[in-house]
Each structure stands twice: as structure tokens, then as C-alpha cells.
Amino acid sequence: MTGDLPGETVTDFWLVDDMFTFENVGFCNTVENIKYLICADCEIGPIGFHDVRNTKEFYLAHCRVKYSE
């Protein structure tokens, strides 16, 4: 395959040490030790990632989170 693939560069993340810090976050595919985080309700994502070699680091992208009250 040649050429650039379409994509987005995300640089700002929250770092949390427990996957249960946020409600409704799940996992989808694992690629080369990286598990991608998705919305567990609607399965939209990725909204972040987790390196399976470090059990206490979960990164959640600021731009992928919607705030509600």
C-alpha cells in the first residue's frame, strides 16, 4: 500500500491509573500491546488507549470526551 492514510493526530490525554475511573469505557482491538478504549454504550472510538505492559496507565483523549451534567 502506498500513500498516506487519512487520520488525526491527538496529543492531549488524561492519564488515569484505573480503568474504572470513568463509567462506560470498554476495550476493542489489541494491536502490538496497545488496547484501544471505546465507549461501552455506543462502541464509538477509539477514545483512548492502554499499553497492556503497564497495568496502571490508561490514556483518554480530551477531544473525544463529551461532558454532561
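Trainee: Is phenylalanine 13 buried, exposed or partly exposed?
Mentor: Phenylalanine 13 counts as partly exposed because its relative accessible area is 29%, where buried means under 20%, exposed means over 50% and partly exposed lies in between, with a 1.4 Å probe and protein chains only.

Trainee: What kind of model is this, and how are the residues numbered?
Mentor: This is a predicted model, in which local features need pLDDT of at least 70 and side-chain atom pairs count only at pLDDT 80 or more, while totals for chains, interfaces and linings use all residues. Residues are numbered from 1 along each chain as its sequence is written, and side-chain values use heavy atoms, with hydrogens and water left out.

Trainee: What is the average pLDDT of the protein?
Mentor: The average pLDDT, which is the predictor's confidence in each residue from 0 to 100, is 85 for the protein, and 91% of the residues score at least 70.

Trainee: Where is confidence lowest, and where is it highest?
Mentor: Strand E2 (residues 25-31) has the lowest confidence, with a mean of 87, whereas E4 has the highest, at 93. Strands (E, at least two residues) and helices (H or I, at least four) are DSSP runs, numbered from the N terminus.

Trainee: How many helices and strands are there?
Mentor: The protein has zero helices and five strands, so that, read from the N terminus, the order of elements is β-β-β-β-β.

Trainee: Back to the rings: how many aromatic pairs does the structure hold?
Mentor: There are four aromatic pairs; rings of Phe, Tyr and Trp (its six-membered ring) pair if their centres lie within 6.5 Å, and planes under 30 degrees apart count as stacked, over 60 as edge-to-face and the rest as tilted. In one of them, phenylalanine 13 and phenylalanine 49 have ring centres 5.4 Å apart and planes at 85°, so that pair is edge-to-face.

Trainee: Which parts does that pair tie together?
Mentor: Because phenylalanine 13 lies in strand E1 (residues 13-16) and phenylalanine 49 in strand E4, the pair ties together parts that are 36 residues apart in sequence. Phenylalanine 49 also forms a stacked aromatic pair with tyrosine 59, at 4.9 Å centre to centre and with 15° between the planes. Since tyrosine 59 lies in strand E5 (residues 58-61) and phenylalanine 49 in strand E4, this pair ties together parts that are ten residues apart in sequence.

Trainee: And how exposed are phenylalanine 49 and tyrosine 59?
Mentor: Phenylalanine 49 is partly exposed at a relative accessible area of 25%, and tyrosine 59 is also partly exposed, at 23%. Together, Phe13, Phe49 and Tyr59 form one aromatic cluster.

Trainee: Which residue lies over the face of phenylalanine 27?
Mentor: That is lysine 35, at 5.2 Å from the ring centre; a charge sits over a ring if NZ of Lys or CZ of Arg is within 6 Å of the ring centre and within 35 degrees of the ring normal.

Trainee: New topic: which residues line the second largest pocket?
Mentor: Its lining is made up of Val10, Phe13, Ile34, Tyr36, Pro46, Ile47, Gly48, Phe49, Ala61 and Arg64. Strand E3 (34-39) and strand E4 (48-51) are the elements that give two or more residues to this lining.

Trainee: How many cavities of 30 Å³ or more does a search of the whole structure find?
Mentor: The search finds one, and the largest cavity holds about 40 Å³ of space. Val16, Asp18, Met19, Phe22, Val25, Leu37, Phe58 and Leu60 line the largest cavity.

Trainee: Where is the cis peptide bond?
Mentor: The cis bond joins glycine 45 and proline 46, with omega at about 10°, and proline 46 is found in the loop between E3 and E4.

Trainee: What is phi for glutamate 32?
Mentor: Glutamate 32 has a positive phi of about 50° although it is not a glycine, and glutamate 32 sits in the loop between E2 and E3. At 72% relative accessibility, glutamate 32 counts as exposed.

Definitions and conventions
On a 1 Å grid over the protein atoms alone, a cavity is a set of points where a 1.4 Å probe fits but cannot get out, and a pocket is an open set with protein on both sides within 12 Å along at least five of seven lines; lining residues have an atom within 4 Å of a point. Grid points are joined across faces, edges and corners, and a volume is the space filled by probe spheres set on the points.
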